[in-house]
Each structure stands twice: as structure tokens, then as C-alpha cells.
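Subject: Structure handover

Hello,

Here is the structure you are taking over. Please open it first, then read my notes below.

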Amino acid sequence: MAASDKVHVIEKLITDDPGIPRQNPTASYWQHIPHPLAETQSPDMPAEADIAVIGSGITGASVTKTLLDADPSLRVVVFEARTLCSGATGRNGGQLATNAGEAYAERKAKFGSEQAGKIANFTFRTCDRVRQVVQEYAAEESEYRDVVKVRAYLDDESFAALKDSVEQMERDHPSLRGIYEVIDADAVEKQHGVHGAKGGVTLTAGVLWPYRVVTSVFAGLLSKYSRQLSIETKTPVTSVTHDGDAYLLHTPRGTTRAKKVIHCTNGHVGHLVPNIRGVIYPLRGTMTVQDLGPNVPNRGREKSFAFHYVPQYDKESETLADGLWYLTQNAKTGYFFFGGDKGTMEQTLNADDSVLTDVSRDHLQDVLPRFFGYQDTKLDSMKSAWSGIMGFTHDEIPLVGKLPMSATGRAGDGEFIAAGFNGYGMPYAWLAGEQLAKLVVGKGFAEWFPECFQLSESRLSPSAVAEVASYYASLQSK
């Protein structure tokens, strides 16, 4: 296929309507014991609301909590297409870990050293805030634990880029020195058991059961604000219109009028905000839970892992392995929670989490034991496997702020968005949601909030689509 044809195919994939979340998603292990509020609904659809929040993941929880804490008189309705917290937050890798060091150099090149430093500090601040939320709402059930995060780099090119990025960050921002410890291949294997790496870094991080945290937050909010808050699960918002005075949120159960609307649907946001498609686009990832057997040690209380490599495109199968695998181990069961992405462009740039591809599942099952040199393992390690939809942006940073009519395609100036976390929702989404909610109630963004995250007409430029398409087409040409 010619390069121009590849670009055209990808442009179509990223600008297609992602639709509402599919009603028969693959079963996420995180949700195998549903929360008592999983299918909560009001007996009758609320006819009116001050603010409608669409999406019940970590961003929706943060937005809702911040709104009600700021003004307990607000009438807030949370809409969820499926069960509570059934989207990306209920399907992720369970890691609370920043990507500040490895991403710094690229962000400095795009946004300058000041903004790159603000982004780095924002991720550390968000991780600290999530720890506070965990302690307040789900200290025991979340199974939270502080760990050493080991980022192993599997090729010289990736390791060299990582070292350069960390060096730039520490040179530009002395307050960020000492967070990352760069280690060589020998230390990665002898100290952390990872085979085949060229080197790596370690840093402090956390692991947790995200679904339990977010559902516990919503339970706490319903208890505290029972008269102000409604949560309407299994109630997809199929369309939004504006009648000149308010927004009308249309669902299969009826219509709700709201003064303001906040979109927290990440990879699905393009369904209700049509002119943002391609600026934010869906990407399907795969997660597994694997039991390698009794001969494999359990280090889940001490460590979590990530394995980085240059993205690899296989021309024969036309599949792309995207450059990252991520891993935690459950401290109680010893099960490995292992994720990563491999698939064709059509399989990857996709908003359908009712599908789990064999190529991605088998790839994750095959590669996991190799990292640790495990040989005496179960022949069939798979306990569970599922897919999930992430939201990616053309400039690889979140999109937070008030939506212009040029994005929504409808009248009214009361729509807002926090989305596009690029596979790193845990160290970005909570504070992004808090800051957006404060903007909604008139308080504005904090001075430490990165200006480059904020929505602007320049970030909505049509050139964003061509930028994304060219990037993926270039990976296929390597």
C-alpha cells in the first residue's frame, strides 16, 4: 500500500464516530465482583440538572466530587452508558506511576522546558492526590501499596533516549533530581530479575485496584449528597442538543435538561463532540491476568514493572507492537496483571471493547515469562483477558477546558471536557478533573496547572488529523 493510501486509511479510522460504549464488553477481571452500585439508577430519570457529567470513571468521579464539595446546592446527574466505572478506569493496568522522566525530552521539544516541567510536577502532584483519595475512600479494599517501579528498556535506542530525557529534566528542573535512578543491564537483572534489558530506571510508584477506588468514591458521594446527586447507569447519552436556554441530554430512558455538560468519556468523546474526532481518537488496548504457577515468586508488595522498546511493525502480519508492556503482580494471589498493545491499524484504532483479538492475547501470554527467565510455569497461564478503550490526542497530552461551538457543532457555551490521557489516566485524570470542575464553578485553573493542557482553537486545528495519520503511517514504513 502506498504511503498516501496508508495515511488515508488511518485518517478514516481516527475520525470515524466512536459511538457509545458497546453494551457487551469483554469482561474485565477488575469488575468480576460488581460493586453494589454497579447498576444504580433513579426510579425516574431526573428531568432537570444544574450540571450533567457524562462518564463514571476516575475523571467523572473527580469532577463530581469537586463540584459538590465546592457547591453542595448543585444538582448533578452522572450518566454512564453501561455499569458504574465500566470504561477505561475499570479496565486499566492498576498502576499509579508517572511517565514524567521518559516523556520530558519530547514534551520539552514540543512545549518548552517550562511547560514540560509543569507537566512533570503535575503528574507527581496527581499521584499524591490519588493516594489521599484512596486513603479517604478505599484504604483496604483498593489493595493499595507503595512499590518500586522498574522501567526496563529492551533496546539501546530506547535506553539512550530515556537517559537523555531524565538528564534534561534534572538539568532544567533541579527540584526533580533524584526521583529517577538510572541502572545498567546488570542491575536490572540482578536486583530486579528482568532478563534481556539494556538498562532501566527505578522510581517510587503505587499499585491499586482502580475500579474499587472509583466506585467507593461514588458511594461516598451518594451518601453525603443524596439529595443533590443522581447516578444513572445503563443510560447512554445518545445525543445532546441545545434549545436556546439549556442542554437536552437524550437517552433511551428519557431526556434531562441541564445548564452545563461535562464530557468525561475519553476515547468515546467524539460521539457527542463530533468536530473533535481525530484531535482525540480511540485506541484499543489489551489486559490479561495470568497465573504462572507456584514456582514463580510473588513480588507484588515490592515492585511493579514496565518494559519499553522501539515500536515494531511486522509487515507480514501487518501488526504494530506499540513499544510498551506494563505489569503488576497481585500481592495476595500472585497473579500477574499484564497489558500491552499489538494489532493491525484497524484492530488498534478502534472503539469496540466487545472484541478481544487472538493476536494481542496470545502475544501477552507468550512474552510474559521471558522477561524473568521463568521456565517451570503453567502451560496455560491465562486467568482472564479483556480489551479497553483509551483516548489519545494528537499532541499526546490531555485536553481540558471549555468546548467552543466549533467543536460541539451546536449552540450554547456551557460544555466542558477533560479527556485524552494517552494511556496514563492514573497520574493525570484526577487533578485534571478537579481543575476542570473548578473552572466550571468559576474559580479558574490553578497556576501550577500546565497551560498546554488547556483547550484552545490551535489544539483543535484540522492539521491534528494529518499529524496523527502521518505518525502511524511512518511506523508502518519502518
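Start with N266, which is buried because its relative accessible area is 14%. Buried means under 20% relative accessible area, exposed means over 50%, and partly exposed is in between, with a 1.4 Å probe and protein chains only. N266 sits in the loop between β10 (254-263) and β11 (280-290). Its phi is near 50 degrees, a positive value in a residue other than glycine. Helices (H or I, at least four residues) and strands (E, at least two) are DSSP runs, numbered from the N terminus.

A word on the model. It is predicted, so local features need pLDDT of at least 70 and side-chain atom pairs count only at pLDDT 80 or more, while totals for chains, interfaces and linings use all residues. Residues are numbered from 1 along each chain as its sequence is written, and side-chain values use heavy atoms, leaving out hydrogens and water.

E143 lies between α4 (113-137) and β4 (145-153). Its phi is near 55 degrees, again positive in a residue other than glycine. E143 counts as buried, at 14% relative accessibility. T40 is in the loop between α1 (3-15) and β1 (48-54). T40 is buried too, at 18%. Neighbours within four places in sequence aside, T40 is in contact (heavy atoms within 4.5 Å) with I231, E232 and T233.

Next, the cysteines. How many disulfides are there? The count is 0, where a disulfide is a pair of cysteine sulfur atoms within 2.5 Å. C127 is in none; the nearest cysteine sulfur, that of C452, is 17 Å away. C127 is buried, at 4%. For C264, the closest cysteine sulfur is in C85, 12 Å off, so it is too far for a bond. C264 is buried as well, at 9%.

Now the domains. Domain 1 covers 3-92 + 211-280 + 395-476, and domain 2 covers 144-204 + 281-390. These bounds come from an automatic or database domain assignment. The C-alpha centres of the two domains lie 27 Å apart. In the contact between them, 29 residues of domain 1 meet 29 residues of domain 2.

Last, a helix pair. The axes of α3 (residues 100-111) and α5 (residues 156-172) come within 7 Å and cross at roughly 80 degrees. Axes are lines fitted to C-alpha atoms, for helices over the stretch in contact, and angles run from 0 to 180 degrees between N-to-C directions. Therefore α3 is roughly perpendicular to α5, since 65 to 115 degrees counts as roughly perpendicular, under 35 as roughly parallel, over 145 as roughly antiparallel and the rest as oblique.

Best wishes
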